[in-house]
Amino acid sequence: MTDLKSMTPDELTAWFKGLGQPAFRARQVFAWLNQGVSSFDEMTNLPKDLRERLAGECRLFAPVIERKQVSRIDGTVKYLWRLYDGNCVETVLMRYHHGNTVCVSCQVGCNMGCVFCASTLGGKVRDLTAGEILDQIIFARKDSGEKISNIVMMGIGEPLDNFDNVLRFLELVNHPDGLNIGMRHISLSTCGLIKRIDKLASLGLQLTLSVSLHAPDDETRSRLMPVNRSVGVDALMETCRRYFETTGRRISYEYAMIDGVNDSDADADRLAELLKGQPGHVNLIPLNDVAESPLKPSRRVRQFQQRLESHGVTATVRRKLGSDIDASCGQLRRRQMEAGR
Ligand code: SAH
């Protein structure tokens with residue numbers, strides 16, 4: 001079955017041409033898909049016989065809200081969507097002063113194995129298609145009735161482990177005839193797949209790259225993040241330096257603060273040393289408690305931040321949104337899986 005939602009407008013035009021249809025049909029269909037229709041019958045400006053033909057040849061599936069939680073504290077909304085094959089992924093809609101941000105998932109599960117992360121507990125089930133990543137924004141927008149101005153790829157999955165679909169998604173969401181969200185309003189977070197970071201750099205996109213660092217030394221980082229065992233902190237930092245040189249975009253480093261593991265003054269000193277000579281920014285994340293993990297949130301977040309700043313490193317503490325609704329990723333899907341057992 002053809003997946004029209006994952007096609008770029010150029011591909012759609014070529015595809016419709018193959019059916020003997022004029023180019024404007026592709027534009028009409030692209031517009032409908034971006035509005036979040038769930039059947040070809042809703043595409044009322046298409047002739048009926050064409051709609052029937054499309055319904056026979058193409059897969060058009062709208063994600064279904066399996067669960068939806070709204071934070072009473074700050075209005076954050078968390079969606080658990082059911083996909084066409086019964087798998088579920090999470091999306092979070094966050095309200096900031098500078099506009100609404102949607103946090104999207106890019107895989108069902110994850111293979112990276114970070115020990116503090118709920119998304120990776122059952123491994124990766126499959127990659128999401130570009131259309132399925134895009135749908136999370138289209139349907140969050142449709143459900144909330146609100147404008148979406150920013151996207152963070154910080155949901156379930158490792159974006160650079162689903163490289164081609166993620167790039168296709170970026171092209172779609174950025175398209176002027178689609179949601180038209182500018183690259184500078186998009187952040188992509190990676191655990192640090194260095195070859196893919198180089199590949200991304202070569203494309204020169206103006207998005208913000210976030211690198212999940214979480215520890216300044218190989219021993220600790222390898223314990224927390226298996227990906228580090230083959231890469232190493234030095235090679236990762238080299239790659240980040242290259243990324244900045246190639247794209248001119250400064251990197252944002254994520255650092256989840258874990259009690260007694262990576263939150264000492266000596267850790268802050270090592271981290272500052274690593275970042276010397278490159279314009280970066282550290283985003284300190286108070287660890288979210290994951291029931292399956294013995295790791296606990298740090299109680300030294302402010303001290304750590306001050307220590308970094310005393311070395312001239314800019315560091316912010318991520319505001320915790322939706323703390324009453326398990327808004328951090330992977331946890332809702334996890335609950336659902338457990339309930340279904
Ligand atoms: N695969 C990407 C996206 C993961 S989610 C990556 O590794 O960057 C986005 C961020 O949340 C990552 O920095 C991830 O390490 C972090 N994270 C995952 N579980 C967490 C938890 N329990 N507490 C705090 N941060 C967590």
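1. A polar contact here is a pair of N or O atoms within 3.5 Å; within protein, one must be able to donate a hydrogen and the other to accept it, and residues adjacent in sequence count only if both atoms are side-chain atoms. At Gly157, a polar backbone atom sits 3.0 Å from a nitrogen atom of the ligand. For Glu158, a polar side-chain atom is 2.9 Å from a ligand nitrogen atom. Ser212 places a polar side-chain atom 2.5 Å from an oxygen atom of the ligand.

2. The protein buries 90% of the 540 Å² that the ligand exposes when taken alone (Shrake-Rupley method, 1.4 Å probe; for residues, only the protein chains shown count as cover).

3. On the basis of the model: this is a predicted model, where local features need pLDDT of at least 70, side-chain atom pairs count only at pLDDT 80 or more, and totals for chains, interfaces and linings use all residues. Residues are numbered from 1 along each chain as its sequence is written, and side-chain values use heavy atoms, with hydrogens and water left out.

4. Phe61 lies in the loop between helix H3 (48–57) and strand E1 (64–70) (helices are DSSP runs of H or I, at least four residues). Phe61 is partly exposed, at 32% relative accessible area (buried is under 20%, exposed over 50%, partly exposed in between; 1.4 Å probe, protein chains only).

Definitions and conventions:
Helices (H or I, at least four residues) and strands (E, at least two) are DSSP runs, numbered from the N terminus.
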